[in-house]
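Dear colleague,

I am handing over the structure we spoke about, which you will find just below.

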Amino acid sequence: MDSSSTRRQATRAKLYEAAVTLIAEQGFSATTVDEIAERAGVAKGTVYYNFKSKTELFEELLRHGVSLLTASLRTAAEETAGRGGSRVDALDAMIRAGLVFIDRYPAFTQLYVAELWRTNRAWNSTLLVVRQEAVAVVEGVLREAVAGGELSDEIDVQLTAAALVGMVLVAALDWQAFQSERSLDDVHAALSRLLHGRVGGR
């Protein structure tokens, strides 16, 4: 990767961070490009050099954030398999990876969950696509677990995957908003017990 590409990626990362913080604080409509530029420490023209509009910036922000989550889930599953762990172990590792991601990017997570409930946004189709990419990683591990006899073939893989992702998102947001005295290990342990008791059948 050449230096100009590296610089552009670094600039985009600063713009993403500035935009997600501001939009989480005051909403999309109330956030201006000037504010994003100021928070990122760049000129307003730099925003438009990288993105055609505020809407495009937000759409790419969603893609970027969920792609990071998807990658962390996939890595957790692959590393568990590499150690010889079971598919349920991989699901457990993915739960922890999701919690680590949310702990690291709380503003993005709040924004992402809020946008899932809105239906009149220009980026709804993008949101559906990137959401499915994340859920599909979990679906893949569930299908392997069913095929390998670790889980019952009676489970609805699609709904179970969505439920697991939703469980992590909601539990993590509740943790950060109302139970911040708890550690990440505490939250992971609670969700892990739920996974093994309700999904793994143990």
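**Overall architecture**

The secondary structure of the chain comes to 9 helices and 0 strands, and since you are new to this structure, please keep in mind while reading that the model is a predicted one. Read from one end of the sequence to the other, the pattern is accordingly α-α-α-α-α-α-α-α-α. Along its principal axes, the C-alpha trace of the chain spans about 55 × 40 × 30 Å. The chain has 202 residues, of which 41% count as buried. Among the contacts in the chain with a separation of 6 or more, 65% are accounted for by residues 24 or more positions apart.

**The nonpolar core**

The largest nonpolar core holds 62 residues, and the members that touch the most others in it are Leu91, Met94 and Val138. Two or more residues are given to this core by each of helix H1 (3-26), helix H2 (33-40), helix H4 (54-82), helix H5 (87-104), helix H6 (106-116), helix H7 (124-147), helix H8 (157-178) and helix H9 (184-199). The element that gives the most is H8, with 10 residues. Which residues does Met94 touch, not counting those up to four places away in sequence? They are Leu73, Ala76, Ala77, Val137, Val138 and Val141, and one of these, Val138, is itself named above with Leu91 and Met94 as touching the most other core members.

**How the helices pack**

For H4 and H7, the axes are 9 Å apart and the packing angle is about 5°, which makes H4 roughly parallel to H7. On the H4 side the residues that meet H7 are Glu59, Leu62, Arg63, Val66, Thr70, Leu73, Arg74 and Ala77, while H7 brings Thr126, Leu127, Val130, Arg131, Glu133, Ala134, Val137, Val138 and Val141. By class, the residues of this contact of H4 with H7 divide into 10 nonpolar, 2 polar and 5 charged. Leu73 and Ala77 of H4, together with Val137, Val138 and Val141 of H7, take part in this contact, and these residues are also among those that Met94 touches.

For H1 and H2, the axes come within 8 Å and cross at roughly 125°, and that angle makes H1 oblique to H2. The crossing of these two helices, H1 and H2, is right-handed. From H1 the contact is made by Lys14, Leu15, Ala18, Ala19, Thr21, Leu22, Glu25 and Gln26, and from H2 by Glu35, Ile36, Arg39 and Ala40. Sorted by class, the contact of H1 with H2 has 6 nonpolar, 2 polar and 4 charged residues.

For H5 and H6, the axes lie 5 Å apart and the packing angle is about 105°, so that H5 is roughly perpendicular to H6. Phe101, Ile102, Asp103 and Arg104 of H5 make this contact with Pro106, Phe108 and Thr109 of H6. The residues of the contact of H5 with H6 divide into 4 nonpolar, 1 polar and 2 charged.

Leaving aside residues up to four places away in sequence, Tyr16 touches Phe51, Leu57, Glu60, Leu61 and His64. Apart from residues up to four places away in sequence, Thr80 touches Gly85, Ser86, Asp89, Ala90 and Ala93.

Asp186, whose place is in helix H9, is partly exposed, with a relative accessible area of 38%. The C-alpha atoms of Asp186 and Lys44 are separated by 43 Å, and these two residues are 142 residues apart along the chain.

With kind regards

Definitions and conventions. Residues are numbered from 1 along each chain as its sequence is written. This is a predicted model: local features need pLDDT of at least 70, side-chain atom pairs count only at pLDDT 80 or more; totals for chains, interfaces and linings use all residues. Side-chain values use heavy atoms; hydrogens and water are left out. A nonpolar core is a set of buried Ala, Val, Leu, Ile, Met, Phe, Trp, Tyr and Cys residues joined through side-chain atoms within 4.5 Å. Buried means under 20% relative accessible area, exposed over 50%, partly exposed in between (1.4 Å probe, protein chains only). Helices (H or I, at least four residues) and strands (E, at least two) are DSSP runs, numbered from the N terminus. Contact means heavy atoms within 4.5 Å. Axes are lines fitted to C-alpha atoms, for helices over the stretch in contact, and angles run from 0 to 180 degrees between N-to-C directions. Angles under 35 degrees count as roughly parallel, over 145 as roughly antiparallel, 65 to 115 as roughly perpendicular and the rest as oblique. A crossing is left-handed if the near helix is turned anticlockwise from the far one by less than a right angle, and right-handed if clockwise. Ala, Val, Leu, Ile, Met, Phe, Trp, Tyr, Cys and Pro count as nonpolar, Asp, Glu, Lys and Arg as charged, and the others, Gly among them, as polar.
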